[in-house]
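Here is a short report on ring contacts. Look through the side chains first, then read on.

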Amino acid sequence: MATQVRAGTKSRGIEPLTKRKAWKALQTHYKTVRELHLRNLFADDPKRGERMTAEAVGLFLDYSKNRITGETLKLLIELAEESGLRSRIDAMFRGEKINTTEQRAVLHTALRAPKGASIVVDGGNVVPQVHAVLDKMADFSNRVRGGDWKGHTGKRIRNVINIGIGGSDLGPVMAYEALKHYSERAITFRFVSNIDGTDFAEAVRDLDPSETLFSVSSKTFTTLETMTNARSARAWSLDGLGGDERSVAKHFVAVSTNAAEVAKFGIDTANMFGFWDWVGGRYSMDSAIGLATMLAIGPDNFRALLDGFHQMDEHFRTAPFESNLPVLMGLLAIWYNDFFGAQTVAVLPYEQYLKRFPAYLQQLTMESNGKHVTLDGTEVTYATGPIYWGEPGTNGQHSFYQLIHQGTRLIPCDFIAFGQPLNSLGRHHDMLLANVLAQSEALAFGKTPEQVKAEGTPDWLVPHRVFEGNRPSNTILADRLTPEILGKLVALYEHSVFTQGAIWQINSFDQWGVELGKVLAQRIIPELESKTDPALGHDSSTNSLIRRYRKLKEAS
Ligand code: F6P
């Protein structure tokens, strides 16, 4: 890809990443390291597994099973320094408008700042507003959970449905699932996101509208999926409550930055929980977007979650890069992505409650760092955001791990595990932990042809049974999955994403790439719904798919 400055953009004089001294040194260094095997790195340094670790705020990171040497780390840290990572971190925490394409501050860290803190945006301290909304959420949550908030017919609320999509869904669902152990089991929680009517239909099919509260969660309150689902929800609710419009006030609340649209939809803004344009959708699970989470786990647990986020924020802001967990993880991601050419990162939580964590991370990482130009509009000449994916252990072991162990691709893995189970059941937890430890060991060290032969394997079968090893992984350990630990884990990845974006010199906080499809869908909707054959001006594939769909629709 050729380097070019786009018309209409002004270079801010950022030195291109590939021209940096540390980048060039890493390119040379890579040629040596790619030949090294983790077997030898461990054999040559018996203390490697103890040394290449870092611990902060209750999270332990073992990064020794990575294809790095001390020199690699030194150069990666130099790269972070040369890239101005420290000043980028400070700029974010100070509330500078680092989301330059939208001219916005990036202040999810203010959402978890303690009450007395001061963070100034456009001349005003935002921390008191944050806490005012949290207090309002807490009051509302207590009333719903305690049965004081009644539905239109006087019944207490037994079902809460969050309607939202993207950051207004993935964070709340992930946190609800992750913290189910701490949740109010007398209330059923469901999450509707997809515009596919099945999502809504299945969510309400066994529910009583008189006991059901909808939280319509949308930063903009204009998102097609959410507003379509919200209208269907209002129709379903009104239908079940005798059509009395006054019932909307008891069965609908809104979470948004857009009071005008909330009012236009018919939700009293007294029942609205606000947040601000300096909170990106994928960074909003700890804002009012977390209302469903707070309803599920209660205000005290929600505050513990925020405290966890804040502890990791402070660690990221202040710790030296050498012992800074998000920085280390971000640098390792860059090492594999840009030097080894790895295209993906697998996130493998050995904790069933974290089953939606990889899906949550997909938006956080890929919407943030799926960018092809730098801050000044120059086309990048290196790979940016890798693909994040994963499943909870041990399920993945019986599915895709084969490819990680013996396939032709390099897939760095993040294993996440806990010392204590939330549901202690016989030997289950020891077996779970044995598996996670075994996987990282097998990936790193593999099994040589000599070892396979020594087991009596016939020669023809040996190549099939050899594990090359040298597959890198991180292992993150914590004592148990609590709200506080979840906050730390999410913030760890948020700041790892920030670290990567800062080094790639991209804007990790906009998402223009999602716009085109939205615009085209708006154009296609009337073409699908038109009573008469519409004149179509798309390409021949899209035109004929539209015609075919119209025929299929008529046939039904
Ligand atoms: O489609 C992308 C996006 O803008 C995400 O960034 C965001 O989280 C999601 O849509 C939902 O947006 P909203 O909260 O405004 O409905």
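Which residue lies over the face of Trp149? Lys250 does, at 5.2 Å from the ring centre.

## Basis

This is a predicted model; local features need pLDDT of at least 70, side-chain atom pairs count only at pLDDT 80 or more, and totals for chains, interfaces and linings use all residues. Residues are numbered from 1 along each chain as its sequence is written, and side-chain values use heavy atoms, with hydrogens and water left out.

## Charges over rings

A charge sits over a ring if NZ of Lys or CZ of Arg is within 6 Å of the ring centre and within 35 degrees of the ring normal. Arg234 also lies over a ring face, that of Phe265, at 4.5 Å from the centre.

## Aromatic pairs

Rings of Phe, Tyr and Trp (its six-membered ring) pair if their centres lie within 6.5 Å; planes under 30 degrees apart count as stacked, over 60 as edge-to-face and the rest as tilted. The count is 26 aromatic pairs. One of them is tilted: Trp23 and Tyr382, 5.8 Å centre to centre, with 55 degrees between the planes. Trp23 is in helix α1 (residues 21-33), Tyr382 in the loop between α15 and β11, 359 residues apart. Helices (H or I, at least four residues) and strands (E, at least two) are DSSP runs, numbered from the N terminus.

Trp23 is buried at 3% relative accessible area, and Tyr382 is buried at 8%. Buried means under 20% (1.4 Å probe, protein chains only).

Tyr30 and Phe340 are edge-to-face, because their planes stand at 80 degrees, with centres 4.9 Å apart.

## One cluster

Both pairs belong to one aromatic cluster: Trp23, Tyr30, Trp335, Tyr336, Phe339, Phe340 and Tyr382.

Key:
Buried means under 20% relative accessible area, exposed over 50%, partly exposed in between (1.4 Å probe, protein chains only).
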